[in-house]
Structures are given as structure tokens and as C-alpha cells.
There are 4 protein chains.
Amino acid sequence: MQIEKYKIADNNDKQIAAHKRAFGFVSEGVSNVEEMLQKLKDFQVAIPSWALGTGGTRFGRFSGGGEPRNLEEKIEDIGLLHALNQSSGAISLHIPWDIPENYANIKALAAQNGLRFDAMNSNTFQDQPGQEHSYKFGSLQHVDKAVRQQAIDHNIEVIRHGIELGSDSLTVWLADGSSFPGQLNFRKAHQHTLEGLQEIYKALPDNWKMFVEYKAFEPNFYSMTVGDWGQSFLYANKLGDKAYTLVDLGHHLPNANIEQIVALLLGEGKLGGFHFNDSKYGDDDLTVGSINPYQLFLIFNELVEGMDARGMNHATGLGWMIDASHNIKDPLEDLLQSVEAIKIAYAQALLVDTKALQQAQADNDIVKAQEILQGAYRTDVRPLVAEARLRSGGALNPLSVYRSEKVREQLIKSRGQKAVSTGL
Amino acid sequence: MQIEKYKIADNNDKQIAAHKRAFGFVSEGVSNVEEMLQKLKDFQVAIPSWALGTGGTRFGRFSGGGEPRNLEEKIEDIGLLHALNQSSGAISLHIPWDIPENYANIKALAAQNGLRFDAMNSNTFQDQPGQEHSYKFGSLQHVDKAVRQQAIDHNIEVIRHGIELGSDSLTVWLADGSSFPGQLNFRKAHQHTLEGLQEIYKALPDNWKMFVEYKAFEPNFYSMTVGDWGQSFLYANKLGDKAYTLVDLGHHLPNANIEQIVALLLGEGKLGGFHFNDSKYGDDDLTVGSINPYQLFLIFNELVEGMDARGMNHATGLGWMIDASHNIKDPLEDLLQSVEAIKIAYAQALLVDTKALQQAQADNDIVKAQEILQGAYRTDVRPLVAEARLRSGGALNPLSVYRSEKVREQLIKSRGQKAVSTGL
Amino acid sequence: MQIEKYKIADNNDKQIAAHKRAFGFVSEGVSNVEEMLQKLKDFQVAIPSWALGTGGTRFGRFSGGGEPRNLEEKIEDIGLLHALNQSSGAISLHIPWDIPENYANIKALAAQNGLRFDAMNSNTFQDQPGQEHSYKFGSLQHVDKAVRQQAIDHNIEVIRHGIELGSDSLTVWLADGSSFPGQLNFRKAHQHTLEGLQEIYKALPDNWKMFVEYKAFEPNFYSMTVGDWGQSFLYANKLGDKAYTLVDLGHHLPNANIEQIVALLLGEGKLGGFHFNDSKYGDDDLTVGSINPYQLFLIFNELVEGMDARGMNHATGLGWMIDASHNIKDPLEDLLQSVEAIKIAYAQALLVDTKALQQAQADNDIVKAQEILQGAYRTDVRPLVAEARLRSGGALNPLSVYRSEKVREQLIKSRGQKAVSTGL
Amino acid sequence: MQIEKYKIADNNDKQIAAHKRAFGFVSEGVSNVEEMLQKLKDFQVAIPSWALGTGGTRFGRFSGGGEPRNLEEKIEDIGLLHALNQSSGAISLHIPWDIPENYANIKALAAQNGLRFDAMNSNTFQDQPGQEHSYKFGSLQHVDKAVRQQAIDHNIEVIRHGIELGSDSLTVWLADGSSFPGQLNFRKAHQHTLEGLQEIYKALPDNWKMFVEYKAFEPNFYSMTVGDWGQSFLYANKLGDKAYTLVDLGHHLPNANIEQIVALLLGEGKLGGFHFNDSKYGDDDLTVGSINPYQLFLIFNELVEGMDARGMNHATGLGWMIDASHNIKDPLEDLLQSVEAIKIAYAQALLVDTKALQQAQADNDIVKAQEILQGAYRTDVRPLVAEARLRSGGALNPLSVYRSEKVREQLIKSRGQKAVSTGL
């Protein structure tokens, strides 16, 4: 389904007076408001194809109905999000869940919906029907060369799909690791993984990037072969200039200072991209900004500072993607909330008075540094984000339009209550 | 399949000389060796019916083949374990996965295998086909009375099955909780849960116990409505004398001192039972003793001390059960390792010189207290455990018999490679 | 030193126009703004006497100069804070660090500064010069009755001081615990502690409250004898109606859901008070709201909801206190930031549309529940807090007055660079 | 004081019969027992000079009496330990706590006691009396070049002391970091630290090693500038071939897999040394092996495997040191227990059947891999460790000699009850 533009406009009309008042108030305190709005307009977050269905836990899955049944319907769903928030203009595919039957048709459909193809994702953590070798004991780390080769071949195939679609990056997340002491020779597992990544890297087009994602635990519960930023960095460094580390917010040990990791990787020129979500205990895959929005702001503060220091374009310098799994919320509503939380954190970070902060740091004036950061954070930037959306043709309040248009009900009607999307 | 007794005896014969030598050495240092062996013989650990199949994570499941396809085959599997180790003489059923078609037949089959029926387990964390109300938003905590009533009725039905089979306890594990701030009114969720438990408690026969299990997180990732021992204790206290707290080793926040919790609950007369497993990050459900065997020993040390202080029978005073999920090991091998780890920890705890420890504590002699504990822990008690098993008619080395008899291969042959057991 | 009222007024004058504009904007969205301002005016946070000096870690202490050298100067410092923010109208004393020489004089001085005496704090975690028995191995838990009696007597003495000063509560924080397995018999330690608390409880005046504080770890690193809310609750329940649990935000295991604990304790009528601070790893004692301000808001959301449900007065129903340790910030600046963070979180919680939230919860509308909470949280409530302060005679921006008046420089001048306050 | 050799011999005599029996039993199962005993004899653990006094927490310090009052007495204490266990033949000094007055005398004294000088430790986490610049806001990371230079100079001075004494390594542990968001520019702090380390590295003699120690938190509670192995590795890599990472067991986030880190660093040729201790919550600095002895064994298993793979000498290939802080135990007793725990873990690791383990790994036979590891771990290797000690001229049971000789009582008599050693 699609939401007609006039419906968005109608909904905006009802809220425009209140918005203007709020925007007027907050924008008075912003010196470079036009520049900021432009940055907010430019900033797009890719939606993973697997986030459109209801996620699950190992204890079960409670499907919500109306899930997309194929790639075309996934593109349609993201198109709908993008029509509302004008900030979700990219889709990140997962192979084999999203193998297109006809590249040209899919590309045309994406273009119609204003979407480009973000990073491609491979899958060597599950066995597919008919697959020759099992990944039960890992993929690139595997003791058996044949299994490693199968995983390498799969990744190269994913690159090939991506080339056809116009993607320019590959995200490699490996579930490889061990669940019991003694299971793995850590050194050999590392070496095998490195060699596999090198094979895949060779197949990477010159203009592509390769993102090496790390994760502290799950689905392996003793060790992970790409377990922290240090390991990912080690691989990326040995691979070459096109290899980068990818940070998923939920993939750390308790209490990790993620913003510092971000700053260090940016400083070393090896930060590649982001998987946004939120969590309290592990890789909980909750809505972005739902548990610790201040941390999200602090991360964006490092991103803005670090990218500016390197002269990087905020919108295109890194890969921005949501990676969440919506177990009990309507996935589309959840994505609207997630994108909104990201834009708010980005806007707050743009508000930080960098010069004053640098001065406070130079003076060891910790109290003032905190005042500066929290002054930006406590500012209600929602009207700024809404204004940027409005100027891009989106909805002042995407969620409100989504609900008043009864999108989910219509999707259920057309796709059925029991439609189940591929994904976790 | 069954393992003929003579095969166990044959295998034992090959190892008996080495065993005698080792047993002779270690038993010399044990003053009350006969008493200890008797305790080891009496100590039985229940096997949950769902541990016989390959477990999974939300990222996938790698089945191992030959899994039991029905309750009869589950009993057969546990019977096989028990024949080998003489320490797995009970089965813990899960409803609706294990509803017997004919109680008398099932009871006869269990008796044939030397098994009794341990605690019954209800399931209100998944929706079953045809179920009227969904547990997507909880069961006993639910805002809708009809859902709560459905969950109450289910638990009462589980009790009824248990009565027929000769069980005498009900374990209630609730996945209830919330994944997002604001989702729940904590107080009302607590109140609803209490009321539901009270209804179930009313249906409990006089000679039954009710175990209220707690868990810190998963599958809900913001709050759990029975989230820690304090909450479980609160419920159990309000319910009455037949209600107890059940401790699952994997259900705590990082760094929790589980042995202290055990000691406190025992001291208050409210410890009901145990779910054994091991873990590094969360509810990883790994083999008992595979990650932190010293912690397991410290827990048993508190159990032995606390039960002795209350004059409780070690074997029957509490409910002992394994609750693990074997993703990458052969489930039966894993259970053999788990039971062995439990018996070893129990034997080490029995070795602790209680009087000397109490004296060291009275003297604040921390160094000596540690020497006493570690003196027991560092003793190689495997020959003691093996001797107890031998005297009970089991195998000196159960795993070795399991492998030499090619049990898994035979199970796959008879049940098929793709047999998938009910469970997670 | 004191800050003359006209200086505050002068500073306010400079900011009043901007404030009025901001207050006008935000207050338009608040239905019951006068009621809210009154609540904000009434809400006072006690300052602990030990937070006025520079805190330290075991690795060292970097004193900042001008610290109060005696109780009189501590009262003066808090008076100064209160003059600025009109929200710090109470002091919490620590015995033996703050034993008054003359009660009447101290009471008069406090009254002059607009301060009342909040909870009294005992100290059985350090040995004082000339003390007969050592607390090296604990106080109320100690195996030696004489040590326990000494700790009991000390607490009773603290109550006596409090009575003289007009305090009406005692906070008992015990460092008791163990650092090594085997060191303690957990059950006996619990029993001794309970008996000691009962002795102290007997000495408590009828109108007093006793707060039993818990802590997960430090300075003991294996077990703590009042280690979590469950243990504190157990003690408080056995003690009687005047005994309550006190929650210190930094005293939990990683990832604990503190807001749920708060809600449960409130629901059971056993929440007594709060020690505010913030932390990332352990009891880091950082500025309130400096690490996770959303968590602080969620806690206040439970407090407001729970207190309203029981008809409790927000200002007087619970004990509110800061407990931080300012290692590298000017302690007074840090306290100004901490109190401000608390008031902001409280104001945000007051903004929550309770009815709408309850409806969303009744509908299992998790997305809306989050929108409601975050709608309140994202509102910039600083003008509301400032307006309340203004109406109470305080500064629109306390920190700015503090700095422009060069308070620290003056304190150093009058007290010296090397003045070191009692405390950690 | 010294323990006469005959007293050790007398004590050994009383235990020799039991020992022979136990050694006979366990050594029968060891194929290469002589080789193993030689390795155990060669393996020496350095004792840090600050571990000889009672440690403290920020809440206080409970001194035990008889602490060494100067470097000479520290050497005497370690000499005493070494006489007993023949495994503590090195001392690690801390500057400025241990600046020798006369190098030749100190060297002679050490030689007399059979000790060599292990890694030198610098201190830029505290301000010393008369120091020009404060380290309140860091040392090598500091925004002020003068402070950085002071820290560089101090480290170079430490190297100079080390050269005089015959040490050949420098351990740099930096407390640098931040306690509040915004306090630091992470990138600049990293850059400053790197530059400082480079200056120090330049002053390093050719035959020296430089150990860059990392720590996750404390005494800074938001970020640490050398916070994890990845950061340390980054520095060490940029510094050059003489720079290595040093692993302290207590310096990690919760649940970190330290053994994997060890294996990776060894594989990259960048593991330099170890600080042994144990902990449950943070840098608790408890007795080695007192909390999680299995983890210690797993670490040694990686060390043995990884060093053998690189042909490194176990005894000399890495720097082995205890770094603990004995708050409530007699420091010397604690060190005896710590060294014993290390030797036991080392002996268990030597027992691992490497070939069988590699085969099990090649077969993905996880169950067998666990059996092999736990088979070695569960073996009671204490007689092997004792035999090695006996052959080196040490005590069969060092702690028993220490107690029967009433060492602490004598130290108190000669040094006084209130002697307080330099340290934390």
C-alpha cells in the first residue's frame, strides 16, 4: 500500500500551527538553523529487510500480521516509511532471504520508492535447505576447508547480487565462536577467519567497502571469533583500505563505553558503519533510544566531532543502518520510532557548541563540559527534526499519520494475518 | 534402545583395576567413606523432557538426529542415561509438550526404566495452536482477566496431569515482563501475578510443592515480573507453606553471588529446588560445570551446610533438576557430563571439614577457611563418584559406554536423522 | 561565606527576559502549571555532610581547596547551595565525622541557613582512633559479640545525637560482608546482623524511621551481608513498621532495573528513601544524571506514580538525599548540578500524562506508552524548574552565580588551599 | 627475619611420607613427570613490592602489623616467601615508593635472598609531595604539555633506576581517563598518550621490554585512555618491537573472555606479561585462584599452548607477576596462596593432552575436548607442585611452616604493630 501525499499534507495542516510555534521558539536559539536543517534532511538511515517482520526469541515468536511476504513487499513497506519520514531512503538486503528474481524490476521498484540499496548482508549462521555443509561449528573459522570455502563462496555471491543492484558495501557478521572451553583453538580460528575474509576481500569491487561486524556473545556463549572492536580492527587492518569495523550498539559486554570505541575507530580511519538499536542486557535489539537515549546522543557527539575533524560528509561518510528485531511492537511503528530517535540524537549533537566544549576541555573545566553537552541534550529538538521532515515532503508526525491511515489494518487485509516475513 | 547390563559390566571390567587403585588412594583420606558413598548413591538429578533434543538460539537450530519423537522415547532416553549413571532416576515433564495419552502406560514405562516423575512444568510463554488468547503481552501479569484465567487454568491442568502420574510439585516459570519502559505498571503486574499464583496454589494438593522460578531477563528485555530471588520470595511468602523459590543458575544478573542467595533462602526455609546449568553471559544453558565449576562447588557447599543445619535429607529435601539446552553437543552426552559435574561438586562439598571450617570462621582465619574449602575442591573425587555408581550397578565411565555402544548412531537409525524433539 | 540576596537578584535580572520567553513557551503545554511549580518548590534534597569535600579513590585523592574544616563550615556550604537553588534545605550528618560540640548552636546555625536535619548516618566501616574493637571483619555480622555490641552502641549513640538535633531517621549502611569464599557463614552473618538491627531498632523513637541500605559489592568483594533489595526488605520486614529499605542508585549489579525495585518497594510500603548519584561500572558516585538521565527519569516516574497511588506527599513521604563523592569536580558545583538533575527528572515525571499512560498500558499499546514517556522526557523542563526556583527566591542559574561570585576562590582564601574535609 | 633451612627440612620430614604416597599415585599417570617437574621448578612469579603491606579500599584500611618499613624489609619479606616456596624469585619495584638509597647494597641484598629485579613500575596516578604538576586530570593524556613532560620524565627516571638494578622491563599503567562525558576529547587523549609513550620508548635500552597495561575502569569511571586490550595493542603496535601488552586479570569488563585475549595477543606476538589476581566485580585484587580457579587454568592452557607454538620458554618468555592487594588477609600468607594457585594452574595446563585435544578440535568433538581439559583440571596436582618445591629446597607446605614458625608474630615484634608499608 501507499499513503497518498495529500493525506500527509492534510495531517500536517492540522499540526502546522503548533509546530510553527515550537519551531519558532527553538530555532531562535540555533545560530545556523538552515545549515542544520539541511544536514537533517540529508541524513538517511537504511532499513534492513528483516526488520519488517516480527522478530522472535528462542522462546517463541508472536507474529503481528500483515508482514511482507517477499522482497517487493519489503520495498513497499520501507517506501511507506520513507514517504512518512523522508529519512529511510535505503534498504539493506540479506542473502539468501532477499534474492531478487529480476534485478531490473527490483531496482525500478526501489527507485519508485525513493530507495537505494545499502550494505548487503551475508548469512553463514544458519543452514539453508539443501546446503552441502553445515555451519553448526562455524563458517569461516571452521576446521574443515570445505565449509570455509562454502562460506567464502556465499559471501562472493552476495557481492555479486549487490553489484547488480547498485549496492557498494558488504557487511560480514559471523556467528563463529565456541560455546565451551576447549572447543576451539583460538589462534587457528582467528587465522582461518582472516584467510576467509581475505578471499572475500579479493572479490570486492574497488569502490566497495567491507564491514567486519563484531559481537561479544550470542549465539555462541563462550567465545566469539570476531568478538570485540579490537579483533574486528585487527582483521580490518590486515585486509586493507576497503575494510572497516562496523559497530552494532548491542554487541558489547556490560558497561562498555561505546562512544569511546567510536571515537578511536574514527581516529584510526577504520570506522565503517553502524547498526542502531538499544538494549539493557545483551543484544536485546530494542527500539533505538528506548533504553538509554543519552548514550545515543554521546555516540552522535563523537561521530559529529570525529567526522568533522576528518572532513567527512555526515550523510555519506559512514554506513547508517538500523538493526533491531521487533518482538512485540508493530515493526513499522517501531522503525518510525527508531529513525526518529536517531534524528533527535543527531540534531542534539549538531547543537553542541564545539568551540566552547574544546575550551572547557582545554581548561579541564569538567563541570562546564557537562553543562555544554547536557545543554544541547536537554534542548527539545523535536521541532527541528520535524521541520526538516516537513521541508522534505514528509509528515510532521509520521506515527500519527501511520495510525490515522490504519496502515497495519490495511496490510493485514491485503497480506493476511498469518503472513510471516523472513528473518529471525 | 537399551544398553544391556552385561555391556556395562564388560566395560567396567576393563577399567576396574585402574579404578580400584584410584579409589583406594582417595578413599584413604576420607573418614566416612561408606556414608559418603551412600549419599552419592541416593542423590538423583531429574532430567527435563525438553533437554533430550537439540536446543536452539534465535539465530537457528542445528539438529543432531535421532531425537525422541514422543514421550515414550523421551522416557527411553532418560532410562538409558539412568542405566549408565544410576543418578538420573527422574523425569520432569513439560505441558503441553508431554501430555500422556495413557497415564497407566506411561507410568509403567517409567517404572520399567527406574524413573519417577519429578516437578511438572507449565508453559505460558508460547502460544499453542488453537489457543484462545495470546501470551504476547504476558500471562499471569496480563491486563486482560481472560488471559490471566487461561494461564491459571493451564497451570491447574498441569497439576492434574501431575497427580495422575504421581508427581508432587509444580514449577511455574513465567516469561512475563516488559521490553520497554512504560509498557507495564509494575505494581499491577505484580498484583495480577500474585493473584494468579494464589488461584493456582489453591488447586495444589496438600502434599505438593509449588516452585516459583525467577529470571533476570529474557525473553523480556526491560523487566521481568518474577525477576530475582527477592520477588520470588515475596510471592512464595504470600502464597503459603507449600510455595518455594526455585533457583536456576543462569537466571541472574552478572556477578551475582548465587551461593549466598541459596544460603539465605535455605535459612528462611523457602528454597525449593534447583535448575542446574552453566553460563558466562546470560541464560546460556551450557553444560553444568563447564564454565565455572568452583561456583558449583561453593553452591553445593552452602546446600550441604544449610540442609544439614535444618536436618534435611540431601536426596529428597530439595528438587534437583538439570535445565540446559544443548545446541551443539549430543544432548545425551551433555546430560552425562552435567550429571557427573553435579555429583563431583556434591562429593567435594561432602569432603569439606565442617568443624574445621566453623572454627576458622570463628577465628576470622580467612586464609585457613580458604585452605579448607580448596582442599576439598582440589581433591580428585572422581573415583568416589565412580565407586558409588559402580555399587549402584552403573558404569564406571558412562560416556565411554555410551560411545562404545554407538548409542547415537543407533538412535538415528531407529528414529531418523530428522527427528525433532519438542522443546526450544 | 554567604551570597547576598541582591547579587542573586542582579544575576536573575540579566537572564529574566530569556527565561520568561522560555517559561512562557513551555508552560503553555502544561495544564496544571501552578500545581507543578508548587511541587517543585516543595521538593528538597538533603546534602550529606561528607559530599562537601573532595572524594577519593583507593588510588589517591586530589583535594581542591577551601573544603569545610568543621560542621559549622559544612552547614555554611549547604546554606550557600540552598540560597542559590532553594532545593537543598536539609543536611544529613555522619557520626563520628560530624559530632556537634553544642547542639543548640548548631541547630541555630542550621535554622539561620534554612536547613533541617535529615537522616543521621552511622559508621561501622572504619576504625576510629581509640576504638576498642576493629571492624576489619565486619560490625553487626561479626562473630564476636563484643564487636557487635560496639556497633550497636554506636548506632544508638547516633540516634541520640539525632534526637538532640531534631532529625527523625537513621540510615544504617553496613560494609559487612566477605571477600573470600568460606570466610563467612552466610546464615549466621545474616542472623547476627538481624539481631543487631533489632537492638538498634528498639532504641528508635516512635516518630523515627530506620533506613536499611543495601549494596551489591565494595568494600567487600565476595559477598555483602545486606547485598540487595531482597535482603534489605527481609530485614526491614522482620524489624517492624518503622524500618524501611533505602535505595542508593549506585549499589546494584550491572543492568539491574532499579525503577522496578522502587515500584515494588513502594507497593509493599517499604521504600524509605533514596541516595542519588550516577555510575557506569559500580558505586562510582558520579554526579546525578551525568551518565544515564533517562534512567533517573524512569525512577522518578515510578516514584510519582507509586506515591500518588498511596496518597503520599512527594516532598515528605520519602527521604531524598544525594550521596556522591566528587573526585575531580568542585564539590559545590557538582552538588548544584546534581540537585538540578534531580529536579529536572522530577519535573519530567510530573509532566507524564498518567491517564493516557494507563490507557496505553490497558491496551498493550507499547508504542504509545513509549511516546507518552518520551514526550515528557524530551520536553525541555529547565524553565519550569528555574521558575520554581525564582519564585522561592533562588537563582535562575545557580551555577552562573556561583561562578560569577567566585565562591571557590573565596573559600580557599578564607579556609586555605589545604583544608581537608572529613569523608572518604 | 629468615627461616632457617633446617626448620623447613624438619617440617618437610613430618609430611614426607604422606607426600610420597600422593606423589607416587599422581605421578604414575604423568608420562613426562621429570620434564614437568623441571618446568615447575623453573617457573618463578615476581612479587610486587606493594603487595607486602595491607591494601585498602576507599572506605578504609585495616593494617595487620609488622609491615615492611623500607625497601630492605620488602626484599627480606620476599626472600622469606622464596625460601618457603622457591617460586617467588623476583621482585617488582614501584617508583617512587621504592627508590633505593644505594643500588649496590640493594642488589647485594636481593642476590643474598635469591631474587632478581623484575619489571619496574612507574606512578603517574598520584601526586607526590613537592611535585610540580598535578595528575588530577591525567598524566600522559593531559591537555597541558608540561604535565605530560613531567610524566614522561618520571618514566624515564624509573627506567634509569631499573638499569642500575638490573631490571629489563618497564610496566606503564596509566590511570588516565575521564569520569564524565565531555571531559575528554578521546582522540586527542589517545594521541597525547601515544606521543608520551613514544618518548618513553625512546629511552628504553635495547634489551628492555615495555609493557602497556590496560584497565577498563577505576580510578576513572567513564573512560580509560588505555581501557582494553585493543587500545593497548594499538599503542604497542605503533611503538615498536619492544612494546607489549600486559594483561591484569582484574582489568576487564564483566564476563570478558580473558583466555581468548591471551591467545590472540600471543598469536600476534604482542603479549608481554601478566598481573595475576582474582576478582568477582571489578579490580577486586583478591588472592589468585580464590574466586574462579577454572578460568585461571584455562588461561594457563592458552599460555602453554601458545608459547609452545611459538617455541617460547615458559619461565622466561613472558613477565609473570602477582598484583593483588590484601585487605584482610596477612599479605604474606596471601602471597603464598596466590603463588600456589598459579603453580597449580600451570601444572594442570601442563597435564593437558595437547595432541588429543587438537584431534578433538579437528573432529568438532566438543564433548571430548571438554573431557580432556577437565580431566587435567580435576587431577589433584598438588603433589606434583610440592615435589618440585621439595626438589628446589622449599617447603612441602609453605603455609604450614610460615604458621608454625610464627613469622607474622616475629615481624610485628621486630617492626611494630603500626608499621605501614608504602602502597595503596
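Which strands of chain C does helix α7 (residues 229–239) of chain C lie across?

Reply: This is a predicted model, in which local features need pLDDT of at least 70 and side-chain atom pairs count only at pLDDT 80 or more, while totals for chains, interfaces and linings use all residues. Residues are numbered from 1 along each chain as its sequence is written, chains are lettered from A and ligands numbered from 1 in the order in which they are written, and side-chain values use heavy atoms, with hydrogens and water left out.

Helix α7 of chain C lies across β7 and β9 of chain C, and runs at about 160° to β9(C); such angles, from 0 to 180 degrees, are taken between N-to-C directions, with axes fitted to C-alpha atoms and, for helices, over the stretch in contact. Helix α9 (residues 293–309) of chain C also packs on the sheet, where it touches β10 (271–276) and β11 of chain C, its direction making about 160° with that of β10(C). Contact here means heavy atoms within 4.5 Å, and the elements are DSSP runs numbered from the N terminus, helices being H or I of at least four residues and strands E of at least two.

The sheet itself is open and built from 6 strands of chain C, in the order β4-β5-β7-β9-β10-β11, with parallel pairing. Since β4 (120–121) and β11 (319–322) of chain C stand at the edges with a single partner strand each, one side of each is left without a neighbour in the sheet. Two strands count as paired if DSSP finds at least two bridges between them; β7 (residues 209–213) and β9 (residues 243–248) of chain C, which run parallel, are joined by 4 bridges, and in β9(C) the residue C:A243 is the bridge partner of C:M210.

Further along chain C, helix α15 (residues 407–415) has C:V407, C:R408, C:L411 and C:R415 as its buried residues, where buried means under 20% relative accessible area, with a 1.4 Å probe and protein chains only. Seen down the axis of α15(C), these buried residues fall within an arc of 95°, so they line one face of the helix; the arc is that of the directions from the helix axis to the C-beta atoms. Their cover includes α3 (71–85), α10 (331–351) and α14 (398–404) of chain C, and just after α15(C), C:G416 takes a positive phi of about 100°.

Key
Buried means under 20% relative accessible area, exposed over 50%, partly exposed in between (1.4 Å probe, protein chains only).
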